[in-house]
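Hi,

Here is the structure I promised to pass on. Please open it first, then read my notes below.

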Amino acid sequence: MRKNRIAMASMAAVAALTLSACGGSDEGGTGGEGSEGGESVRIGIKFDQPGLGFQEGDTYTGFDVDVAKYVANELGYSEDQIEWVSAPSANRETLLETNGVDMIFATYSITDERKERVAFAGPYFHAGQDLLVREDESEIAGPEDLEGKNLCSVTGSTSATKVKELHPGINLVEQSGYADCLGLLETGGIDAVTTDDIILAGLAATEANQGKFKVVGNPFSDERYGVGLSQDSDMCEDINAAIQKMYDDGAWEEAISANTEGTGYTPNDEKNPPEPDACA
Amino acid sequence: MDAYLSLWETYGPQMLSTFWTNIQLTFWAAIASVTLGGFLALMRISPIPSLRWFGTAYVNIFRNTPLTIIMTFGVLVLFGVFQVQLASDFNLNFFRIAIIGLTIYHAAFFCEAIRSGVNTVPLGQAEAARAIGLSFLPAARHVILPQALRGAIAPMGNTLIALIKNSTVATAGSVAEISGTMKTMIEFRPDVGILVFLTVAAFFVIVVIPIGLLSTYLSKKLAVAR
């Protein structure tokens, strides 16, 4: 009898979980469109990505943060109406679907698989995978020069997968975060770190790393950073207009140079600033 | 459903091969940590105070240090600073560093599991062994440990299950195992995100449940009737 009751309870729990999992994406829309009457906006950013989205106490800095502030301002939210939410890579889709955030600015590359679950405005930046090396390094100009050498990237990232496919001869060390990679680069365990160029520039521009590393400047992939939205969000057009305005009045370029200062980094100017895609 | 099948098409072989890495990590680390744990348990019950002290210190240090820290230490310090080479093959080097990390950590738990088995052996057994003229090691080998290990099967089974699951921490040590594959799948296939988690969880369930059943069965069957 007792056993039966426990079994029933656990079945009910499973059923409830399954049902709520299905409901989440449908209900997400109604809350999102309301936008709470212009009271506040929740924006997902990375909290641990220096130069892009970084939390220091209660201030947030970085290029993604600057773009987010500009866009939010254009949408009618002042800076103190923004609620910053941590959006680590693995949680981004879920955060949007469950309406945990209204938009995401977190080095979020636009891909077809992601469009199955979320929508994108933008892109607002065109990044490319590149290498970060020690300041005194002169032999490494691209991934071709790394055969038999040690390269570090983050487990499961696009960059790690790409470099494994393109250059199987490289010894790839996979770490859980780029900070660990930079530690290894400094002590000499590895010869280079790879990910998107602007992320590398952001890492190299932090105070602790000032003057120790440089970005090679030979990007070998296309990453188009978009603004993550839930699929029934109606903000896409307005965000694109805001991004276009940010290009036109020079604030975009200012944000880039302010966040990568001292690293010699300049974004690929053939592809930057990118034209926002048409909204679906 | 189609999306899920295509996930298997793309990542199926990688999932199986990386999960096989977890099994291998577990296998070697289990052998090494049971051995090391056995020695530590002997130290902790030995009549020599300095050995007892060493055994206790080891257990308390490594049982209380998170495995991730031990693993990260292995890579950042052994590989990063001292450039220790345990194998000429680049990836095998990390695999071996990971086995060492898993062993150091789980030896403390196996030691305690074995010692809990020793506690099931009545004190009179040790006294009787001494009375017939056996010194510590022969007494341990012929009288105490055979009974202790039978009593330790259930806790050792639990430690082994923990070891299997903890082998996923080897990702922090740059070993390509299943949780790394899971991160890759989440990065590239968010359209089947939850199914990715469930699939990887199922891999572990399939391996862990038989071990749990077997250790329960053996612990009952082999228990010393008192």
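**What I found**

In chain B, the end C-alpha atoms of residues 19-215 lie 22 Å apart, and the span is 80% helix and 0% strand. Helices (H or I, at least four residues) and strands (E, at least two) are DSSP runs, numbered from the N terminus. UniProt, in an unreviewed entry, lists this span as "domain: ABC transmembrane type-1". UniProt positions follow the numbering used here, feature names are shortened, and annotations may be inferred rather than shown by experiment.

Some ground rules. This is a predicted model: local features need pLDDT of at least 70, side-chain atom pairs count only at pLDDT 80 or more, and totals for chains, interfaces and linings use all residues. Residues are numbered from 1 along each chain as its sequence is written, chains are lettered from A and ligands numbered from 1 in the order in which they are written, and side-chain values use heavy atoms, leaving out hydrogens and water.

**Disulfides**

A disulfide is a covalent bond between the sulfur atoms of two cysteines. Here it is called when the two sulfur atoms are within 2.5 Å. How many turn up over all chains? The search of the whole structure finds two.

One joins Cys152(A) to Cys181(A), S to S 2.1 Å. Its S-S torsion is about -70°, so it is left-handed. Cys152(A) sits in strand S9 (residues 150-154) and Cys181(A) in helix H6 (residues 178-187), so the pair ties together parts 29 residues apart in sequence.

Cys236(A) is in helix H8 (residues 236-248), and Cys279(A) is in the segment after helix H9 (251-259), 43 residues apart. Cys236(A) is buried, at 10% relative accessible area. In sequence order, the bonded cysteines of chain A pair 1-2, 3-4.

In chain B, Cys111(B) is buried at 0% relative accessibility.

**A buried charge**

Asp197(A) lies in helix H7 (residues 197-204) of chain A. Which side chain of opposite charge is nearest to Asp197(A)? Lys271(A), 9.4 Å away. Asp197(A) is buried yet has no salt bridge. That term needs a side-chain nitrogen of Lys or Arg within 4 Å of a carboxyl oxygen of Asp or Glu. Lys and Arg count as positive, Asp and Glu as negative; His and the chain ends are not counted.

Asp197(A) touches residues including Phe125(A), Asp130(A) and Tyr265(A), not counting residues up to four places away in sequence. Contact means heavy atoms within 4.5 Å.

Best wishes

How values were computed
Buried < 20%, exposed > 50% of the residue type's maximum accessible area, 1.4 Å probe, protein only.
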